[in-house]
Amino acid sequence: MQTEEACDTVITKEAHGDMTTMMWHVKQGSGPEKGHSLDNNKGNLKRMNLGTGPRQHLEARRLRGTLRTAPPPARAAGALPQRDEGLDRGDAARAVRGAREAAEGWAPGAPSVSGPRPPARRAATCCSVGKSRRRARMEGVGWAKPGRPRAYTCHLCFFRRPGAPASGIGWRMLRQVLRRGLQSCCHGLGLCVSRHPVFFLTVPAVLTITFGLSALNRFQPESHLERLVAPSHSLAKIERSLAGSLFPLDQSKSQLYSDLHTPGRYGRVILLSPPGDNILLQAEGILQTHRAVLEMKVNHKGYNYTFSHLCVLRNQDKKCVLDDIISVLEDLRQAAVSNKTTARVQVRYPNTKLKDGRNSFIGHQLGGVVEVPNSKDQRVKSARAVQFTYYLQTSGSATQDLIGEKWENAFCKLMRKLQEEHRDIQRYSLASFSLWRDFHKTSILARSKVLVSLVLILTTATLSSSMKDCLRSKPFLGLLGVLTVCISIVTAAGIFFITDGKYNSTLLGIPFFAMGHGTKGVFELLSGWRRTRETLPFKDRVADAYSDVMVTYTMTSSLYFITFGMGASPFTNIEAVKVFCQNMCVSILLNYFYIFSFFGSCLVFAGQLEQNRYHSIFCCKIPSAEYLDRKPVWFQAVMSDGHQQTSHHETNPYQHHFIQHFLREHYNEWITNIYVKPFVVILYLIYASFSFMGCLQISDGANVINLLASDSPSVSFAMVQQKYFSNYSPVIGFYIYEPLQYWNSSVQEDLRRLCSGFTAVSWMEQYYQFLRVSNISANNKSDFIRVLQSSFLKKPEFQHFRNDIIFSKAGDESNIIASRLYLVARTSRHKQKEVIEVLEKLRPLSLSKSIRFIVFNPSFVFMDHYSLSVTVPLLIAGFGVLLVLILTFFLVIHPLGNFWLILSVTSIELGVLGLMTLWNVDMDCISILCLIYTLNFAIDHCAPLLYTFVLATEHTRTQCIKSSLQEHGTAILQNITSFIIGLVPLLFVPSNLTFTLFKCLLLTGGCTLLHCFVILPVFLTFFPPSKKHHKKKKRAKRKEREEIECIEIQENPDHVTTV
């Protein structure tokens, strides 16, 4: 029996001959001068410090028979846990019963005695044992003090003093029952895994092989970008359907200009002149590029197709739809050939008059414009860029779609070829498939970097799990833990593809998300293994580790599943977020299963090697100390277990792990220093200030460029377009879908009021001007429609307006049942934000005005309520976490644990949100997924630390936070370090998506680390829960346990009486 153990030892010895039972209650000190030393070889009592109780003069001979066994059966059988394992009174009571049973020879693990099992006695093991008044009587299972009107009862018996609230006792009982039940289940799970490790190792491996092969065979990328990143249910899609039913969108693509989201197939090119040059003076070179596009041929089944075979045709003359800027450039080229100055060809901006008399809006076709100073008619002095768009037919047939795809590929190749041949003009091309191609390109670019991340995480986990002690070091367990998470991710991917899932680049974040949670379970299990007693069999140690760790890991995994399950619910309006959350739920479930099965089996085998004293790396027997003394120093360093030369009384050799040693000997003392705390408070105030400032500047990320590879042609095109063509918004289609009295002056005034502030391309404005110029009166319906059909629409310069009016004829009378016009808003560099504001202002007017209309542009499908759609998953996930924590407020071990957890998670979440905004990260689908993950990551790391603190029974808060950091700090530091190191390769992937992923996850890991190791250790020393009641109890126990008390109990077969 060791004299340094800081625990109560209760040994019961029954002498069957004289029916006398002796019970010895000992509090041993920390050294020979304070404790009680027993000679295990001779079995007698060397020294005994008796207290001042009435039985202090008991003869030593009466104890000689009691103290015969060495070591005590209770200690040998493992029935009495160590004090430093954080036992509560329930554990102590069970330990006392186990010690008594082991001493009697029939406890589990103790040698059996001959004869029948002795009758069980109802021992008085209540917490009132050891109180200052030793004269007590036994009543039931509790001790009652004579002369006191109220029964003083322990924490476990759940009796209460009269007048104490019954609800508090009930909640306490329920919490204890839940806690014990979960721990028993996890303990049983650990025993099951430890007894059948081969089965739990084989089943996950077979699942991975089966589903992993299917993932390779069924891999298919998602090709529909709008389905992924645009809101699934939006008013813009309804408006698109209505507008398409009135005016076919395939015929309206040239009018409904959109920057990046033009429907159907097309090819677009921006030609940019060098700085200081005027692109209008290079009309010949620009038109050569145009002619090359028209002459380009693609072959399909032996037939050659040019643009004229595939283009969208105009209704009036059946010619290809081309941009009006080409006509302007033709006029400029002819003027240059005839030696005329370009000033004779007047180009106005944004509306210019063409040679055929039409007024055309060229605000999206001419960019970088400098107007003539003091020009009333907005004449153009110079320009930097022109933009051409070539629209292809979209009939819906697979053959035409295939030919169109070939034409787009040939178009992009032609632009690259012309760029290499003629470098005087920069060419930036875009096709309908460009966005999808560059979105999928991120996954291709990130393949090698993800493998590098895996290698870095493997290395970090292996090194952080190593020790100088070759017996207790577990490098292979760290390695196998990371591999366990990897094979669970592969299995989840196989299930996804078997269920006809299509891969997209947003799923690139799943390996990092799953790794951050999975490795936390791995490192916690390793820490739980280190906290178990080495004297236990390895199977019991595995079960104890499961009982200690898997309860918390089960709870955090459940929260992961709840939050991402809410993200996968029908409330989520972004398909990419929904698909990601669905995959994350499957990954979390498989991650949990693989951790307790596959990694648990690895832990069993490693524990067996340690129990048999095998080397943790070379798997060979560790030589004896005498053999090592004869070997060189390097051999001793490699083969020594590191504790053969240490004291025999080393309580926990695992404390020599370098992270635990650093935390215990250096960091814990430093962070709890009174001089450090003011600086931590100032640091948190700075952190909170920047977070709050960032939260006020949040911007939505509806721009799809945030998801593309940064060095892709689409991003280059978008940047040039944003710089030189951001003066005007996309063309907004203004659709009047009900009959209207256009000849009425009040209606005309309402239309003017609606169109005020916009540059309008309207048949009504041109018609009203035509009536004024021609001096024609059309104040009634018949005159208005007659002049419109017979005169206005038949003029060549107005024939294109035929496509903007729908007539119906009832007998001899014609009616206008629907019409459309186009509005363009003046914008700045923040074009997208201003377009969203315009959309939000126009829609309410359609309900409040007498004119029934809708507004539509293809880009509205991506912008419509995007900020609300993308933030809903985060809001419902946060609400879910808050609801779970509140509902379990009185079911957890301590309600203050939930309260502190809510505060910590809120602080981390707001910190990540504010700091990522200051780091130029918009609220897109990737950042929202990272914020959902931040909720769980913060709970995963803060919950064990906080609950250990609130349950600690040390004298002061400072000592409680030290013990919490010592118990969980190693696993937290190991996991966050591995997580952050694994993110480093993402910096070298040239993609906006991976940049966003890196920034958000780095802030997640950094803020969580800051709270766990800096903010919480300091703030918990200021605020509740208080530890004063624990301090009083400790003082009383310390005073009472300085004595050794021997109680003699006489027992007869019928009843028990005390002497």
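Me: Axes are lines fitted to C-alpha atoms, for helices over the stretch in contact, and angles run from 0 to 180 degrees between N-to-C directions. Within what distance do the axes of H21 and H29 come?

Reply: The axes of helix H21 (residues 677–695) and H29 come within 7 Å. They cross at roughly 60°. Helices here (H or I, at least four residues) and strands (E, at least two) are DSSP runs, numbered from the N terminus. One caution: this is a predicted model, where local features need pLDDT of at least 70, side-chain atom pairs count only at pLDDT 80 or more, and totals for chains, interfaces and linings use all residues. Residues are numbered from 1 along each chain as its sequence is written, and side-chain values use heavy atoms, with hydrogens and water left out.

Me: What do you call H21 and H29 relative to each other?

Reply: Oblique, because of that angle. Under 35 degrees counts as roughly parallel, over 145 as roughly antiparallel, 65 to 115 as roughly perpendicular, and the rest as oblique. The crossing of H21 and H29 is left-handed. That term applies if the near helix is turned anticlockwise from the far one by less than a right angle; clockwise gives right-handed.

Me: And at what angle do H29 and H32 pack?

Reply: About 140°, with the axes 9 Å apart. H29 covers residues 895–918 and H32 covers residues 992–1019. That makes H29 oblique to H32. Their crossing is right-handed.

Me: New topic. How many salt bridges does the structure hold?

Reply: It holds 31. A salt bridge is a side-chain nitrogen of Lys or Arg within 4 Å of a carboxyl oxygen of Asp or Glu.

Me: Which residue forms a salt bridge with Arg333?

Reply: Glu284 does, with the closest N and O atoms 4.0 Å apart. Arg333 sits in helix H11 and Glu284 in helix H9 (residues 283–295), so the pair ties together parts 49 residues apart in sequence.

Me: Where do Arg752 and Glu749 lie?

Reply: Both lie in helix H23 (residues 745–755), three residues apart, about one turn of the helix.

Me: What about the backbone? Which peptide bond is cis?

Reply: The bond from Tyr349 to Pro350 is cis, with omega near 5°. Pro350 is in the loop between helix H11 (324–337) and strand E8 (351–353).

Me: What is phi of Arg613 near?

Reply: Near 60°, a positive value in a residue other than glycine. Arg613 lies in the loop between H17 and H18. Cys619 is in the loop between H17 and H18 as well. Cys619 has a positive phi of about 55°, although it is not a glycine.

Me: Last one. Which residues form a nonpolar patch on the surface?

Reply: Phe476, Ile617, Phe618, Trp634 and Val638 form it, with about 520 Å² of accessible area together. Patches are made of residues with over 30% relative accessible area and no salt bridge: like charges are joined within 9 Å, nonpolar side chains (Val, Leu, Ile, Met, Phe, Trp, Tyr) within 5 Å. Areas come from the Shrake-Rupley method with a 1.4 Å probe; for residues, only the protein chains shown count as cover. Phe618 has 52% relative accessibility, so it counts as exposed.

Terms used
Buried < 20%, exposed > 50% of the residue type's maximum accessible area, 1.4 Å probe, protein only.
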